[in-house]
Amino acid sequence: MGENLISINNLSFGYDKELLHKNINMQFNRGKVSAIMGGSGCGKTTILRLIGGQLKPNSGNVIVDGKVVHEQGREELHSIRRKMGMLFQHGALFTDLSVYENVAFPMREHTDLPESVIKDLVLLKLNAVGLRGAHKKMPAELSGGMARRVALARAIALDPDIIMYDEPFAGLDPISMAVICDLIRSLNDALGATSIIVTHDVAETFSFADYIYFLADGGVAAEGSPKQLLTSKLPFVKQFIHSEKDGPVPFHTEAPSYRSDLSL
Amino acid sequence: MERVKLDIWVGIFVALGIIAMFYLATRVGNLTSNDVNETYEVKAYFENIGGLKPRAAVKASGVVVGRIGSIKFDSEAFHAVVKINIDDRYSFPKDTFANIYTAGLLGEQYLALEAGGDDVNLKAGDLIQHTQDAVVLEKLISQFLYNSAGDDKGKD
Amino acid sequence: MMNNILNFLEKLGASFRGTLFGLGSGARLFFLTIIYSSDSFKRFNLTIKEIYFTGVLSLVIIVVSAFFVGMVLGLQGYYTLEKYGSSEAIGVLVALALVRELGPVVTALLFAGRAGTAITAEIGLMKTTEQLSAMEMMAVSPIARIVAPRFWAGMISMPILATVFSMVGILGGYFIAVLVIGVDDGAFWSQMQANVDFHNDIVDGAIKSVVFGFTCTLIALYQGLVAPPTAEGVSRATTKTVVISSLSVLGLDFVLTSFMFV
């Protein structure tokens with residue numbers, strides 16, 4: 001077992017003819033919290049789907065724990081996925097099940113544990129995210145932040161080796177954001193897991209991530225630890241970190257000359 | 001939704017379906033005890049079976065006593081071979097008549113059995129000797145025309 | 001002018017190709033559903049829950065509609081038969097019309113409208129809120145857990161609903177013809193029993209309802225799964241479910257009738 005639990009090698013992928021990712025290389029070390037950042041639509045969430053095997057790369061591969069993901073059969077893919085936990089952007093809780101049932105879902109599907117053991121485990125996981133008292137509620141009764149925390153409890157239900165977060169900070173109030181930040185770091189360390197976060201929230205991410213990848217124009221524009229990136233001279237990185245309106249990522253989209261558009 | 005309540009409702013639903021099927025079969029359709037009883041098979045030959053179909057009724061004195069089994073054409077003797085399934089409960093003498101009648105004016109055709117006087121009864125595999133074909137409208141009309149033509153001739 | 005014709009032909013060709021594609025994808029969904037069906041029976045609770053939602057909750061609309069349809073048949077049929085002096089055949093008319101045609105077909109149309117759209121909306125919404133994706137990532141097949149139980153629930157519910165429809169419809173016809181108009185009670189039932197054959201009429205009607213159940217459920221599931229993950233997409237998908245199910249049912253009805261009753 002190497003240092004890299006997940007490695008992406010020479011990956012190219014596109015939904016249609018146009019390639020979203022061109023020859024990307026990324027490594028995710030064991031036990032570390034890594035972040036994938038970049039502008040909207042640059043393919044961050046797609047990377048997570050490629051790691052999870054929901055999409056097949058056009059060329060190149062993704063290797064998880066020594067296995068090439070898109071070459072696995074149904075059974076092997078299942079066993080790879082059982083080691084993963086994924087937190088979707090809006091929680092993706094099953095709306096017809098209660099909070100308790102949602103967290104118990106992976107346990108019931110993949111283990112033969114008796115109900116009493118499941119009950120203890122569910123309450124344990126909910127306690128870790130601070131929502132043990134809400135276990136009887138239905139997802140519709142939860143706020144956005146609470147729903148996401150329940151989804152997190154569900155994602156760690158089987159103590160996964162890999163936890164993936166899709167925009168965990170999007171649309172949260174500052175308090176919830178601080179809570180999630182804290183949870184991501186502490187859970188990663190407590191479980192000894194490898195976490196990958198897709199986000200464009202600079203301040204929060206830089207405060208606890210170990211390694212950061214910047215995606216732009218189908219490739220890795222920059223990578224490094226937060227300290228390294230803060231002092232980076234690359235214009236793209238500087239624009240992103242310092243929230244500048246205009247720079248390598250232009251303000252104006254492509255358009256004919258202003259004069260010819262106006263009917264002057 | 002509690003599991004017990006769910007199961008009860010689904011059980012009621014399925015039971016309702018079975019009841020409805022039963023109802024249709026017995027009160028609406030003609031799935032009478034005839035169809036589930038044991039039957040024995042006899043044969044009959046006809047020159048013309050008219051509109052008789054398999055599963056058509058076989059009646060005696062107007063009561064359904066059996067069903068037509070299969071209807072085939074014998075290409076060597078050039079007549080129709082009709083296999084008849086008669087309910088085990090009913091026995092008929094060997095010289096029974098088998099006639100094809102029509103139910104109502106334009107109705108379905110059925111086989112009517114008229115018992116003869118023989119002491120010996122029909123057994124499985126026997127042949128009914130006396131048969132009467134179905135009435136074919138064209139033949140009836142041509143007979144009528146022939147007769148009336150004959151009458152005219154006679155008058156001359 | 002030429003352009004318009006060419007455009008029209010192109011659209012026609014595209015929609016024909018689209019229909020073929022839909023049939024192919026639908027067939028693939030059917031085979032996948034069968035392959036993944038073991039859970040629907042081993043954990044029968046899943047299927048029972050779906051039978052409740054598709055079948056039991058449709059009972060009210062089916063029973064009420066059936067009663068009205070039966071009454072209308074009784075009313076219309078009586079006044080037409082009376083002109084030929086055959087008003088006593090009203091029982092046969094109502095029974096045959098219901099058992100052979102209206103029972104399976106109207107039930108299928110109502111089923112597509114009520115249960116079919118519910119299934120499409122539910123699955124489309126689960127797709128939009130990434131619940132299906134989440135299930136996949138948890139190594140649980142959405143086909144086994146979500147699609148297959150609903151499929152078998154639809155297959156079981158439809159014939160039951162169609163049979164109930166026929167029964168209630170006949171009672172509705174009885175109510176109007178005998179209790180209100182005054183046709184002879186005995187003639188109503190005896191003519192019916194003499195002319196409705198279990199094997200030819202009732203069983204064939206049941207076969208139709210099984211085929212329709214299969215069709216409507218599969219279409220509803222398919223539309224839900226391929227709905228674009230937006231509010232508009234889901235709402236369009238439910239409309240498509242109703243339209244495609246209805247047309248398929250009516251078309252299949254013609255095909256089946258020509259096999260069975262001719």
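Two residues are in contact if their C-beta atoms, placed from the backbone, lie within 7 Å. Keep that rule at hand for the exercises below.

This is a predicted model, in which local features need pLDDT of at least 70, side-chain atom pairs count only at pLDDT 80 or more, and totals for chains, interfaces and linings use all residues. Residues are numbered from 1 along each chain as its sequence is written, while chains are lettered from A and ligands numbered from 1 in the order in which they are written.

**Exercise 1. Find out which chains touch.**

Step 1: Start with chain A and chain B. No contact joins them, and their closest C-alpha atoms lie 10 Å apart.

Step 2: Turn to the pairs that do touch. There are 2 such pairs of chains, and chains B and C have the most contacts.

Step 3: Look at chains C and B. Here 25 residues of chain C are in contact with 19 residues of chain B. On the chain C side, α3 (44–54), α5 (90–128), α7, α8 (185–195) and α9 (198–226) each supply at least two residues; helices (H or I, at least four residues) and strands (E, at least two) are DSSP runs, numbered from the N terminus. The largest share, 6 residues, comes from α7(C).

Step 4: Sort this side of chain C by class. It divides into 16 nonpolar, 6 polar and 3 charged residues. Ala, Val, Leu, Ile, Met, Phe, Trp, Tyr, Cys and Pro count as nonpolar, Asp, Glu, Lys and Arg as charged, and the others, Gly among them, as polar.

Step 5: Do likewise for chains C and A. This contact takes 10 residues from chain C and 14 residues from chain A. The chain C side has 5 nonpolar, 3 polar and 2 charged residues.

**Exercise 2. Trace the sheet in chain A.**

Step 1: Write down the strand order. The open sheet has 6 strands, β6-β7-β8-β3-β9-β10, with mixed pairing; two strands pair if DSSP finds at least two bridges between them.

Step 2: Zoom in on one pair. In chain A, β3 (residues 33–38) and β8 (residues 194–198) pair in the parallel sense over 4 bridges. One bridge joins A:Ala35 to its partner A:Ile197 in β8(A).

**Exercise 3. Describe chain B.**

Step 1: List its elements. Chain B has 2 helices and 8 strands, which run α-β-β-β-β-β-β-β-β-α from the N terminus on.

Step 2: Check burial. Of its 156 residues, 22% count as buried; a residue is buried if 20 or more other C-beta atoms lie within 10 Å of its own, exposed if 12 or fewer, and partly exposed in between, with C-beta atoms placed from the backbone.

Step 3: Look along the sequence. Among the contacts in chain B with a separation of 6 or more, 64% come from residues 24 or more positions apart.
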